[in-house]
Amino acid sequence: MVHTSSRTTIVFIVVALVCALDPAFSVEEAEAKSLWDTCLLKISPKCALDIIGVVFENLTITDACCHDLVQEGKMCHDTLIKYIAEKPHLVAHETEYLTKSDALWTHCVSISQTA
């Protein structure tokens with residue numbers, strides 16, 4: 001239980017840093033807590049940032065993060081990416097981000113199946 005709580009705290013810190021750097025990522029605390037509590041328990045804060053970086057900034061992802069993403073589940077991945085992509089600053093490119101999100105998911109599933 002303590003491990004899960006500390007992980008959630010770390011994810012909140014990462015999200016706060018992202019929000020501080022780009023207000024477009026700001027989310028209401030209760031809504032964010034619900035998303036993090038149900039979806040981001042199986043993934044490290046670094047991997048969460050890497051996933052966001054792949055979709056929104058054309059960065060790369062490690063095989064280990066792909067395994068974490070697949071373990072997290074497609075519904076949680078889709079929910080997180082769609083939630084961020086709908087922010088006013090990003091909504092003009094939402095279709096592009098959702099396509100990149102689907103490509104990332106497919107890539108990560110193929111990586112996870114070969115390991």
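Predicted model: local features only at pLDDT ≥ 70, side-chain atom pairs only at ≥ 80, totals over all residues.
How many salt bridges does a search of the whole structure find? The search finds five.

## Salt bridges around lysine 74

Lysine 74 forms a salt bridge with aspartate 78, and the closest N and O atoms of this pair are 3.1 Å apart. Both residues belong to helix α5 (residues 74-85), where they are four residues apart, or about one turn of the helix. Lysine 74 is partly exposed, with a relative accessible area of 32%. Aspartate 78 also counts as partly exposed, at 27% relative accessibility.

Lysine 74 forms a salt bridge with aspartate 102 as well, with 3.4 Å between the closest N and O atoms. Because lysine 74 lies in helix α5 and aspartate 102 in helix α6, this pair ties together parts that are 28 residues apart in sequence. Aspartate 102 is partly exposed, and its relative accessible area is 40%.

## A salt bridge between lysine 82 and glutamate 86

Another salt bridge is formed by glutamate 86 and lysine 82, whose closest N and O atoms are 2.9 Å apart. Glutamate 86 counts as partly exposed at 41% relative accessibility, and lysine 82 counts as partly exposed at 36%. Elsewhere, salt bridges with shared partners join Lys74, Asp78 and Asp102 into one network.

## Two disulfides

A disulfide is a covalent bond between the sulfur atoms of two cysteines. A search of the whole structure finds two disulfides. One of them joins cysteine 47 to cysteine 65, with an S to S distance of 2.0 Å. The link of cysteine 47 and cysteine 65 is left-handed, with -80 degrees about the S-S bond. Cysteine 47 is in helix α3 and cysteine 65 is in helix α4 (residues 63-72), so the pair ties together parts that are 18 residues apart in sequence. Cysteine 47 is buried, with a relative accessible area of 6%; cysteine 65 is buried too, with a relative accessible area of 3%.

The other disulfide joins cysteine 66 to cysteine 108, with an S to S distance of 2.2 Å. Its torsion about the S-S bond is about -60 degrees, so this disulfide is left-handed. The pair links distant parts of the chain, since cysteine 66 is in helix α4 and cysteine 108 is in helix α6, 42 residues apart. Both cysteine 66 and cysteine 108 are buried.

## Helix α3

Helix α3 (residues 45-57) has 13 residues, which at 1.5 Å a residue should span 18 Å. The C-alpha atoms at its ends are 17 Å apart, which agrees with that expectation.

Of the 13 residues of α3, 10 are buried, so the helix is largely enclosed by the rest of the structure. The buried residues include Pro45, Cys47, Asp50, Val54 and Val55. Just after α3, asparagine 58 takes a positive phi of about 60 degrees.

## Lysine 100, a buried charge

Lysine 100 is found in helix α6 (residues 94-114). Lysine 100 is buried, yet it has no salt bridge. Glutamate 96 is the nearest side chain of opposite charge, 4.3 Å away, and a salt bridge requires a distance within 4 Å.

What does the side chain of lysine 100 reach at 3.0 Å? The side chain reaches the backbone oxygen of valine 55. When residues up to four places away in sequence are not counted, lysine 100 touches Val54, Val55 and Asn58. Val54 and Val55 are among the buried residues of α3, and asparagine 58 comes just after that helix.

Notes. Residues numbered from 1 in each chain as written. Heavy atoms only, no water. Helix = DSSP H or I, 4+ residues; strand = E, 2+ residues; numbered from the N terminus. Buried < 20%, exposed > 50% of the residue type's maximum accessible area, 1.4 Å probe, protein only. Lys, Arg positive; Asp, Glu negative; His and termini not counted. Polar contact = N/O pair within 3.5 Å; in protein donor to acceptor, adjacent residues only side chain to side chain. Contact = heavy atoms within 4.5 Å. Expected span 1.5 Å × (residues − 1). Disulfide = S-S within 2.5 Å.
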